[in-house]
Amino acid sequence: MGGKIFAVLIVIIALASAVPIMNHTFLGASVTLPEDISTHGKAIDDQLSVTMKEAGISFLAAQLVLGLFVWQFANRKGATKTFPGGATAMVIVAFLFVGAEVLALGMVGSKAWGMVYFKPAASDALPVQAQAGQFAFYFRYPGPDGKFGQIHPDKIDEGNSNFFGLDPENDIPARDDITAGELVVPVGKEVNLMMHAKDVGHSFYVRELRIQQDFVPGLDLSVHFTATKIGKYEIVCTQLCGLGHYNMKSYLNVMSQEDFDKWLKSQSN
Ligand SMILES: [Cu+2]
């Protein structure tokens, strides 16, 4: 009798745990993603939804089968039932089944994130450099000449607002570079964000952009995106980068092209 009660419990718990996931709420709190404001975000959201459904169905199927076996075999004294071929065959089947599932999801999903990583940014994309350091983000625009000045780590001087270590005296392209504490971009325009870390590993995460990319010391990485909605969105560091990590954030400020041009002008001197 105890076995059958346990089987029923397994099924009830499995079904009950699926309800908040399907309803996107838990204890009254909504657990939906914030609105997507990027051109590539829909593909990622769709992929996430497919993955959740597929994983959810697999989970429920596994729990129901488990309940079925418990119901059938729990109270049979001395009865044994093994997988055909024994434990080795079971492990091989499980390995192939799970492997095929992960591979299939990976191949389908690569189309979604491949748009950000495999496809280079358009040649007319707005170049912006992002620098992460303990515990702030800084962003740099090349200025009217379209060229970034060289970075000299020994010249980094936060007290003097020389966050990137520029040398405007000797380096002409550095003279008109614009440095900001916020990532300001025009709406509907592709942005090529070139990322580097000043010290340790950090991460660039904007939920509304569906982008999360680590800054890795010593590596120049880039992501590109097109923001589709004017507004202010939080940029957070999602790599535990030190004591001030909790306070490391900035904002993505999406403006109309006109406002962006005005902002850029007001920043240059
Ligand atoms: Cu950080």
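**Notebook: copper site and salt bridges**

I looked up Met248 and noted it as buried, at 2% relative accessibility (buried is under 20% relative accessible area, exposed over 50%, partly exposed in between, with a 1.4 Å probe and protein chains only). The model is predicted, so I keep in mind that local features need pLDDT of at least 70 and side-chain atom pairs pLDDT 80 or more, while totals for chains, interfaces and linings use all residues. Residues are numbered from 1 along each chain as its sequence is written, and side-chain values use heavy atoms, leaving out hydrogens and water.

I then checked the copper ion. Its protein donors are His202 (ND1), Cys237 (SG), Cys241 (SG) and Met248 (SD), 2.1 to 2.4 Å away (donors are N, O and S atoms within 2.8 Å of the metal, or 3.2 Å for Na, K and Ca; water is not among the atoms, so sites may look incomplete). I read their sequence spacing as H-x34-C-x3-C-x6-M. Cys237 is buried at 6%, and Cys241 is buried at 6%.

I looked for disulfides (cysteine sulfur pairs within 2.5 Å) and found zero.

I counted eight salt bridges (a side-chain nitrogen of Lys or Arg within 4 Å of a carboxyl oxygen of Asp or Glu). One of them joins Glu158 and Lys198, with the closest N and O atoms 2.9 Å apart. Glu158 is partly exposed at 38%, and Lys198 is partly exposed at 31%. Another joins Asp259 to Lys262, at 3.9 Å between the closest N and O atoms. I noted Asp259 as partly exposed at 37% and Lys262 as exposed at 53%.
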